[in-house]
Amino acid sequence: MTVLRLIPPPPSRDLIDAAIATHGASRVLRAALRALLHRPARPPDAGHLPAHLRRDIGLPPLPPVTSRPYLPL
């Protein structure tokens, strides 16, 4: 059985040193903090997808929409 590594290795020190040398320590620190505090976007709701896209990604079709008959008041 093969072992899959699901956690990426940390960036090497050389890359961080190069970023600091290029952009400065304060900009690199601000960018790192912003990346830590940023919440990833939620995927869109699949309930609003058209039928052909739902079929393409393997979702079941939506149930047919039943309309109410018009009843005069």
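Trainee: About how many helical turns separate Arg13 and Asp17 in helix H1?
Mentor: Arg13 and Asp17 are separated by about one helical turn, because they are four residues apart in helix H1. Helices here are DSSP runs of H or I with at least four residues, numbered from the N terminus. Before we go on, note that this is a predicted model, in which local features need pLDDT of at least 70, side-chain atom pairs count only at pLDDT 80 or more, and totals for chains, interfaces and linings use all residues. Residues are numbered from 1 along each chain as its sequence is written, and side-chain values use heavy atoms, with hydrogens and water left out.

Trainee: And what do Arg13 and Asp17 form?
Mentor: Arg13 forms a salt bridge with Asp17, their closest N and O atoms being 3.7 Å apart, where the term stands for a side-chain nitrogen of Lys or Arg within 4 Å of a carboxyl oxygen of Asp or Glu. The structure holds one salt bridge.

Trainee: Is Arg13 buried or exposed?
Mentor: Arg13 is exposed, with a relative accessible area of 60%, whereas Asp17 is partly exposed at 36%. Buried means under 20% relative accessible area, exposed means over 50%, and partly exposed lies in between, using a 1.4 Å probe and protein chains only.

Trainee: Switching topic, at what angle do H1 and H2 pack?
Mentor: Helix H1, residues 13–23, packs against H2 at an angle of about 120°, with the axes 7 Å apart.

Trainee: Where is Leu36 found, then?
Mentor: Leu36 is found in helix H2, which covers residues 25–37, and Leu36 counts as exposed at 70% relative accessibility.

Trainee: What about Leu6, where is that one found?
Mentor: Leu6 is found in the segment before H1, and Leu6 is exposed, with a relative accessible area of 76%. From C-alpha to C-alpha, Leu6 and Ser26 are 31 Å apart in space, and they are 20 residues apart in sequence.

Definitions and conventions: Helix = DSSP H or I, 4+ residues; strand = E, 2+ residues; numbered from the N terminus. Axes fitted to C-alpha atoms, helices over the stretch in contact; angles between N-to-C directions.
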